[in-house]
Amino acid sequence: RREPISLMKPNKKNKDNAEDFTAQLENYKVKATRHIFLIRHSQYNLSASTDKERILTSLGREQAELTGQRLASLGLKYDILIHSSMTRAKETATIISKYLPGLEMMSCDLLREGAPIEPVPPVSHWKPEAMQYHEDGARIEAAFRRYIHRADLKQENDSYEIIVCHANVIRYFVCRALQFPPEGWLRMCLNNGSITWLTIHPNGRVALRTLGDTGFMPPDKLSR
């Protein structure tokens, strides 16, 4: 979202009158804060060959229950729950939604897991083809622009949105939101079912409240 002054139509009369200019500028300033909770899906069947078969394990289902309980315990009025269209994210979101009754749910293909950008430094255990970076990177960047931005001018109240997706997507989002080099995304680690909380203030400043929080889970329920 652009700076308020860039939304104003050029008007020499208003520029000459500082009070009129200031008053008009106020009409283009965002008033609400957006809180975005990025949830990594729970543990799933890694041995499966297709997405449909990559369902949550019994531990994964327990993790999703714990994440749902944690989100509910914060006592916030959530506006929407958006999830990746991949099976493990859909199942995680469905379990979480049990603890947030009545919350609107929406699926999004842009949030599917992928290779956002070639990591620096490179790693030897994970080397996607160059074409995958081009395809996934454009899609994940489109997801970032769709979901990580300051509030709309029409938004009057603060909002609380939950996005259930994947580790690579979340790590890339965090780097981009904080204006860090996105190539560093693979230096962060996120547990399954973890909560990453971004706050986007009306002036566009982004704060990272938590990164990969799983402190609400017992040690024997943790996995990566």
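Predicted model: local features only at pLDDT ≥ 70, side-chain atom pairs only at ≥ 80, totals over all residues.

**Stop one: Thr87.** Select Thr87, which sits in helix H4, residues 87–97. Is Thr87 buried or exposed? Thr87 counts as buried, because its relative accessibility is 12% and the cut-off for buried is under 20%. Now show what surrounds Thr87: leaving aside neighbours within four places in sequence, Thr87 is in contact with Asp51, Lys52, Arg54 and Ile55. Then pick Tyr44, 43 residues away along the chain from Thr87; the two C-alpha atoms are 9.3 Å apart.

**Stop two: H3 against H4.** The crossing of the pair H3 and H4 is right-handed. For the side chains, select Arg61, Ala64, Glu65, Thr67, Gly68 and Leu71 in H3, which meet Thr92, Ile95 and Ile96 in H4. Sorted by class, that contact of H3 with H4 has 4 nonpolar, 3 polar and 2 charged residues.

**Stop three: the cysteines.** How many disulfides are there? The count comes to 0. Click on Cys108: the nearest cysteine sulfur belongs to Cys165 and is 9.5 Å away, and Cys108 is in no disulfide. Cys108 counts as buried, at 4% relative accessibility. Last, select Cys175, which is buried with a relative accessible area of 4%.

Technical notes:
Residues numbered from 1 in each chain as written. Heavy atoms only, no water. Helix = DSSP H or I, 4+ residues; strand = E, 2+ residues; numbered from the N terminus. Buried < 20%, exposed > 50% of the residue type's maximum accessible area, 1.4 Å probe, protein only. Contact = heavy atoms within 4.5 Å. Left-handed = near helix turned anticlockwise from the far one by under 90°. Nonpolar A, V, L, I, M, F, W, Y, C, P; charged D, E, K, R; others polar. Disulfide = S-S within 2.5 Å.
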